Amino acid sequence: MGEMSNLSRRSFVFGSVAVAGGVAFGQYAGAQQVPAAAAAANPLAAHLGPQSVTFNPWVEISPDKITLIAQHADKGQGVGSIQPLMIAEELDLEPHQFEIRFAGPSPAYFNTGFAHELAPFMAPDQSPEAEKARAAALEWLRKAGLQMTGGSSTIPDTYDKLRMAGAIARETLKAAAARRTGIPAANLRTQSGSVILPDGTKIPYVALSADAAKITPVSVDKLRDPSQWRILGKPMERLDIRPKVTGEMKFGIDRAMDGMVFAAVKLNPNKGQPIKSYDASKARTMPGVKTILRISNGIAVIATNSWYAMQAAEAVDCVWEPSKYPAEQADHWKTAAASFTPQFLAKQWRNDGNIDAGLKDGTLIEAEYRAPYVGHQPLEPLNGIGIVTDKGMEIWVGHQTPQSVQYIAATAIGLKPEQVTFHNEWMGGSFGHRLEFENIRVLAEIANQMRGTPVKLIFSREEDFRQDIPRQIAMGKYRGSVKDGKIVAADLQVAATAPFKELQERMGAPTKDPDGQLAVGIWNVYYDIPNYRATSFEIQGLSPSTTWRSVGASANGFFTESFIDELIHAAGLDPLMARIRMCKIPIYRKLLETVGEMADWKGPLGNGKGRGVAFVESFGTAVAEIVEVTMTDAGIRIDKVWVAADVGKIVDPVNFENLVQGGVVWGLGHAMNCELTYSKGAVQQTNYNHHEAMRMYQCPAIEVRGLENDYTVRGIGEPPVPPAAPALANAIFAATGKRIREMPFNKFIDFV
Amino acid sequence: MFELTVNGIKHQVDVVPEMPLLWVLRDELGITSPKYGCGIAQCGACTVQIDGKAVRSCQARIADVAGKAITTIEAVGGGKLHPVQEAWIEHQVPQCGYCQTGQIIQAISLLKTIPKPTDEDIDQVMSGNLCRCGTYERIRVAIHAAAEKMGRK
């Protein structure tokens, strides 16, 4: 990897992991409860019925059914479908032959998919040092036992292990059939949920469960070659499509229980602050209201119907403790602007060549960029059902980090995490929202005051907006120089609040290390620029922030790819050709070439039309996008988007396309018209009319091509997001000559 | 006490007259396919048919809709999948799926008025239905496919 040698290393995203036996990562609180040795144990074994067998933490067979466990939570990205189908591929099951269950909390479900993101090497780096660091990161993950859905890691985590889980189950069932029939396993085969004997007799797997339970799972050393796949890699029907089209799908918000009461809350909009006092005299008399409870950061109304509860909660007069962060948005920006100083230095991630000399050589270009707070606002509002008894708490809630739900709920009401029984739910979106805990903490407090009664909490949309911990706020101060048709220098400085570091702290695993997410989009930049420096500053004292679909890259990718575009134009070059020429990684260059071919890129279009290109790698997945716009009398119209992405191997091609299209819509829509702003300590946008993102009339056709050149399998949930905003801004520049350096763009230009 | 007919079945509910239909369906009757998304007719996830018309059930007071025929996604196909639902499956529209029952009911309503809609027709009628996952392009394709199917029948 000679190409990589001049790229410096980044510190771990999770903090300083003990890769070289050095600094230990702050203990992960949820996982601490279970000894590391238990990581290997199969959590299904403890609850197995009679005559049943489990081969590993993902497969359970009883005399009447086959159950496949989905360890990653489904928030719409389709992993509730693809995880069991990866098992089914090797286990020779048809899609209708098994039930799906979401995993409970267990270190057996630790996420191996974070190993790449943890190791401080760039995605394309296959050097022995990089691989060694990834292996060490994997070992750390095994010890930590952290079960988390996020970081576009589901497929990287499960691609091998779930197929292996299926293969082991298959071979063990064959061994059980061999033992029963006396026919050597080598003469048996499997098909459609049965072991098939040489004479064609079928023994269903379920009929072998008791026998298989007596056998140590057979080890398997080889997975089937993709050329043999029946299901994977081909267009398939997602297993959740039908129930979502017929209305049968039950999301968390749809669950009901006997004797259940409904709860709505009014919480301090000054995030993180308690309630001082309240007057519920009017609310108490409203229809359906059973009782009104004080909780640490607000009040809860218990009622017979969630509408009654929400109406009454709104009617409670509350006096709030004021915010610790600036009350007004303008002061947030002032704080951000003042953070580019040594005091707030997080880390200098790269310093190639001689940046000072480079900036003096040629024409100097300077630009300042801004990315505001943005909301997640999945369409299913935060909710959950909880019941607290003397023994502990049972909770039903859609969440991405089961162990943290136990930790947060337990901590809120003085229980031990293992006293909290967690059940995951199908989620109506997340985008990072369901990695946070606003509903969990509140539900625990309410249920604890309503002991013995199941409480169903639903946030009103307004409350969900007010409590939504937003994307980081970020500013970029960029300088660069061009000379003789070349980019000579680029000095990228970003100041932002630290989304992942803050999330870690709330999960009970604080770290003092710089947030690796602040490096994404300024560090992992693959252009040949001889003098290059990337530095991030951590803004202190503002609103809490958290991971928002694509996290650091959602802001940094916009800044960097906009600025690269500015430099390219200043150098008099073609935006696509210049990127292709400067790109140092061959498979990434291929992506840029591919997207150019798809769009038939031939330079400027004229007639009020413009095209912009952007290229960002995040979570290891590189994505190139071209956006075409037309300046009309009614404003900018987005005509078409082309996307090329490389994930190494595409396991579910239809869903791949759907996720890429959705990621583009997410990236464009929020860049066009969304921000959260604070006034009097509270977010001012409280429903979709203030924070709309893209609607159908603005949505272009989005053409997607997936390449499979990368050396390892990658995720696709987030990586299509970061290039969308800069590609749009660059297209607007091409069409109008107007350079937009701040999101949302509708502050500066009208859209159709 | 209000009487309402949902998917052909009569129900009695004891709620205040102001309660919107959405919360009667979900919390009183346990019919959860209409979804709560925004509560102010901004998202369309709660869309049901009232006397055959697509309506935002979060805005329909129970006192105003009692006695009318209410249809939720479960009954739009009259016992089988509606061609719009078939198209939704064939084109694998949903991601999280939370908005999709509302999208489908809105699309059925569109095709009732305009059997062969253009992209512009679709954009005009469907833009009130938010999809945070961003499945708009697939919705458009599925509506054209459904129009084709229904035209053949």
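Q: What makes Q92(B), the residue that follows α3(B), stand out in its phi?
A: The phi of Q92(B) is positive, near 45°. The helix itself is a DSSP run (H or I, at least four residues; strands are E, at least two), numbered from the N terminus. This is a predicted model, where local features need pLDDT of at least 70, side-chain atom pairs count only at pLDDT 80 or more, and totals for chains, interfaces and linings use all residues. Residues are numbered from 1 along each chain as its sequence is written, while chains are lettered from A and ligands numbered from 1 in the order in which they are written.

Q: Which residues of α3(B) are called buried, and why?
A: They are P83(B), V84(B), Q85(B), A87(B) and W88(B).

Q: What covers them?
A: The cover includes α7 (241-246) of chain A, along with α4 and α6 of chain B.

Q: What makes G612(A) a contact of L728(A)?
A: Contact means C-beta atoms, placed from the backbone, within 7 Å. L728(A) touches G612(A), V627(A), I638(A), L668(A) and A671(A), leaving aside residues up to four places away in sequence, so each of these pairs passes that cut-off.

Q: How many residues does each chain bring to the contact between chain B and chain A?
A: Chain B brings 46 residues and chain A 50 residues. On the chain B side, α6(B) gives the most, with 4 residues.

Methods
Two residues are in contact if their C-beta atoms, placed from the backbone, lie within 7 Å. A residue is buried if 20 or more other C-beta atoms lie within 10 Å of its own, exposed if 12 or fewer, and partly exposed in between; C-beta atoms are placed from the backbone.
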